[in-house]
Amino acid sequence: DNKGEFLIVGCHDNSRVTIIPTGTITLPIDAQDMNSSTITLTAGQNHSLVLHSLQTLLIFAPFIDLTASKILSNQPLTILSGHEASQVPFGFYDADPIITQALPTIQWGKQFLLSPHSGRSGQNYRIIASMDNTVIIRKCGSNSMVSSTLHAEQWSEFYTNGTIYCSVVSNNPIYVAQLGVSTNYNGGTIGDPSINTVAPMEQYLNSVQYTTFTATSHYYSVVMPNDEYYNGNLIFDGSLQTISGWYTIYYSDGSIAGYGYSASTNGSHTITHPNEQGKLFVTVYGWTRHGGYSYAGGMSLNPLATNCELNLDKQACQLPEGSDVCMNDCNSEGQ
């Protein structure tokens with residue numbers, strides 16, 4: 001009876017919020033009335049209500065995965081998506097709470113570099129499409145290229161072993177989440193479910209700061225695009241370091257997409273690209289015997305489509321293992 005859930009946080013007064021779930025949920029008819037009657041929605045039905053600044057609304061349901069649920073608003077929102085006690089994959093012990101802040105669809109991208117979880121036997125990835133006929137091509141390590149097509153409101157999930165890095169390319173914007181697997185999956189002995197957003201290459205930063213949390217072992221993974229700024233070095237806490245253990249990440253055509261590196265860590269640190277024009281992405285994570293955490297060390301939040309207008313008649317967004325975020329829906333032409 002553990003619940004898939006998402007939390008909506010109002011950022012401005014008089015935000016008109018429309019919720020379209022992918023499973024059956026119950027929510028108040030009027031979020032401004034503490035004694036409001038409730039309404040039950042089934043998959044695809046919608047209900048609109050008003051939230052003010054700093055007001056919250058928690059949506060949850062047992063025995064259900066709310067991935068690809070949609071939330072639309074005439075003003076910006078913050079959305080946290082996750083699960084009360086998730087098994088990854090379902091049926092494998094143990095279960096842990098997972099949560100990540102979701103990105104609106106205007107911040108989704110088309111190119112991704114995926115780094116594995118050090119200290120684990122493998123990891124899952126979940127991909128969500130907001131548009132029909134979204135073709136997704138991934139290349140993981142020396143494995144053959146895999147191509148798939150998703151339509152709006154559809155999602156897919158795949159597993160990679162050990163230290164395999166991947167590239168993912170799509171013709172339309174997609175959302176990608178990385179999930180830590182349950183302790184006993186695939187012969188594992190440490191760690192438990194976690195979730196973090198994977199930034200598209202279009203949202204990489206020049207420098208990130210991070211802090212580890214309580215765990216037995218901590219790691220960071222960094223990925224860099226294969227561009228004119230890559231030279232095999234990193235600036236770690238202000239000190240230039242030459243890294244000899246980079247993994248090469250390939251596109252499906254055999255060309256080099258980027259490079260990845262992972263190392264153990266602890267405490268608070270800053271990782272910077274050695275070129276002020278260069279970009280990188282860092283994932284931070286850690287494991288105990290039956291626990292784990294992971295998060296994106298930082299990313300840009302630039303809109304990747306322009307001239308967008310909010311249209312509540314259009315779908316707006318989807319996310320992982322719990323639900324989704326949607327504020328606007330813009331296609332590649334900015335419509």
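Author: Contact here means heavy atoms within 4.5 Å, and the model discussed is a predicted one.

Reader: Of the contacts in the chain with a separation of 6 or more, what share comes from residues 24 or more positions apart?

Author: The count takes in contacts in the chain with a separation of 6 or more. Within that set, the share that falls to residues 24 or more positions apart is 73%.

Reader: How many helices and how many strands are there in the chain, and what is its radius of gyration?

Author: The secondary structure of the chain comprises 0 helices and 25 strands. For 335 residues the globule rule gives 20 Å, and the chain comes close to that value, so it is as compact as a globular protein of that length. Along its principal axes the C-alpha trace spans about 60 × 45 × 40 Å, and the radius of gyration is 20 Å.

Reader: What percentage of the residues of the chain count as buried, and what part of the exposed area do carbon and sulfur atoms supply?

Author: Of the 335 residues of the chain, 52% count as buried.

Reader: In the open sheet of 4 strands, which strands are at the edges?

Author: The order in this open sheet is β17-β23-β19-β20, and the pairing is antiparallel. Inside that order, β19 (residues 233–236) and β23 (residues 268–272) pair over 2 bridges, and the twist from one strand to the next averages 30 degrees. An edge strand here pairs on one side only, which holds for β17 and β20 (239–242).

Reader: Which residue of β23 is the bridge partner of Phe236?

Author: Strands β19 and β23 run in the antiparallel sense where they pair. In β23, the bridge partner of Phe236 is Ile271.

Reader: How many bridges join β24 to β25, and which residue of β25 is the bridge partner of Thr288?

Author: Strand β24 (residues 281–288) runs antiparallel to β25, and 6 bridges join them. In β25, the bridge partner of Thr288 is Gly291.

Reader: Is Thr212 buried or exposed, and which residue does its side chain meet in a side-chain polar contact?

Author: Thr212 belongs to the loop between β17 (207–211) and β18 (217–225), and its relative accessibility is 10%, so it counts as buried under the cut-off of 20%. Beyond four places in sequence, Thr212 touches His218, Thr265, Asn266, Gly267, Val284 and Tyr293. Among these, Gly267 has its backbone nitrogen 2.8 Å from a polar atom of the Thr212 side chain. The side-chain polar contact of Thr212, at 3.1 Å, is with Asn266.

Reader: What is the relative accessibility of Thr183, and with which residue does it form a side-chain polar contact of 2.9 Å?

Author: Thr183 is found in the loop between β15 (166–180) and β16 (194–197), and it counts as buried because its relative accessibility is 0%. Leaving aside residues up to four places away in sequence, Thr183 touches residues including Tyr93, Asp94, Arg120, Asp192, Arg289 and His290. The polar contact of 2.9 Å joins the side chain of Thr183 to that of Asp192.

Reader: Where is the peptide bond between Tyr93 and Asp94 cis, and what is its omega?

Author: Asp94 lies in the loop between β8 and β9, and Pro89 is placed in the loop between β8 (77–86) and β9 (96–101). The bond from Val88 to Pro89 is cis, with omega near -10 degrees. The bond that joins Tyr93 and Asp94 is a cis peptide bond, and its omega is about 0 degrees.

Reader: Is Leu54 buried or exposed, and what is its phi?

Author: Leu54 has its place in the loop between β5 (47–51) and β6 (56–62), and with a relative accessible area of 72% it is exposed. Although Leu54 is not a glycine, its phi is positive, at about 70 degrees.

How values were computed:
Residues numbered from 1 in each chain as written. Predicted model: local features only at pLDDT ≥ 70, side-chain atom pairs only at ≥ 80, totals over all residues. Heavy atoms only, no water. Buried < 20%, exposed > 50% of the residue type's maximum accessible area, 1.4 Å probe, protein only. Polar contact = N/O pair within 3.5 Å; in protein donor to acceptor, adjacent residues only side chain to side chain. Pairing = 2+ DSSP bridges. Axes fitted to C-alpha atoms, helices over the stretch in contact; angles between N-to-C directions. Rg over C-alpha atoms; globule rule 2.2 N^0.38 Å.
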